[in-house]
Amino acid sequence: MTTEPRSDAPTLVEDLLLLLFQPASGTIAGENTLFYVLGGAVLADLALGGHLTTSDRGRVSSVADHPPSDGLLRPAWDYLAEKPRGAQTALAAIGPPLRGPVLERLIARSDIDKEPRKVLGLFRTTALREGRTERRSRLLADVRRVLVDGAEPQARVAALAALLSASGTLPQFHREIPWTSPVISRAKELEQGNWGADAAGAAVTRTVTATVVNSATAAITVLPRG
């Protein structure tokens with residue numbers, strides 16, 4: 001799967017994977033169900049750019065003659081240009097190839113760094129650590145303002161928070177985002193597309209994201225959590 005051409009601004013799927021990266025352990029939260037939420041971020045990003053719409057019975061489809069320029073998003077648009085698809089079908093098709101290319105993007109942008117290491121003094125391996133850009137901290141602060149402080153989000157932050165909630169990993173962020181009843185309620189509101197006045201112009205994005213998040217949540221709840 002090619003990641004070129006690359007847009008200057010990070011895609012939503014890059015932002016989501018960066019948030020899910022846990023600097024303390026060098027791991028990514030929610031690995032077992034990761035492809036569902038990464039696929040969801042791609043679909044939400046397509047909707048944000050006006051490349052995607054919903055059709056009858058909650059299906060999603062590409063907007064004709066309006067493909068995205070970014071190489072991470074184009075395969076999903078091509079797939080949905082063939083015919084409208086159910087959200088779960090789209091997530092299962094789009095999500096699995098994403099982790100590697102998205103992680104490569106984050107490393108190329110210096111949001112995450114690779115660190116060579118030796119195991120038992122013999123075997124060479126690489127570990128992941130937080131990069132030098134501090135972008136993860138800024139993203140986390142944006143999400144915290146929405147979930148904890150009650151700020152009305154812009155559409156992109158609302159979609160990011162909704163997908164983070166759908167991933168089931170929010171309890172792992174309890175130091176930065178306390179896992180409280182108000183936070184849980186706010187996260188569920190965002191999952192359903194209740195984003196507030198600041199995102200009022202993003203009706204298609206809200207609908208697509210809510211459809212995707214609900215489908216991802218339904219799929220994730222039946223998968224093993226090992």
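Q: What makes a residue of this predicted model buried or exposed?
A: Buried means under 20% relative accessible area, exposed over 50%, and partly exposed in between (1.4 Å probe, protein chains only). The model is predicted: local features need pLDDT of at least 70, side-chain atom pairs count only at pLDDT 80 or more, and totals for chains, interfaces and linings use all residues. Numbering runs from 1 along each chain as its sequence is written, and side-chain values use heavy atoms, without hydrogens and water.

Q: Which residues of helix α8 are buried?
A: In α8 (residues 181-191), V183, R186, A187, L190 and E191 are buried. Helices are DSSP runs (H or I, at least four residues), numbered from the N terminus.

Q: What do the buried residues of α8 pack against?
A: They pack against α6 (135-147), α7 (155-166) and α9 (203-220). Contact means heavy atoms within 4.5 Å.

Q: What makes the core around L16 a nonpolar core?
A: Such a core is a set of buried Ala, Val, Leu, Ile, Met, Phe, Trp, Tyr and Cys residues joined through side-chain atoms within 4.5 Å. The largest has 65 residues, with L16, L43 and I94 having the most contacts inside it. Leaving aside neighbours within four places in sequence, L16 is in contact with V37, L38, A41, L160, L163 and L164.

How values were computed: Helices (H or I, at least four residues) and strands (E, at least two) are DSSP runs, numbered from the N terminus.
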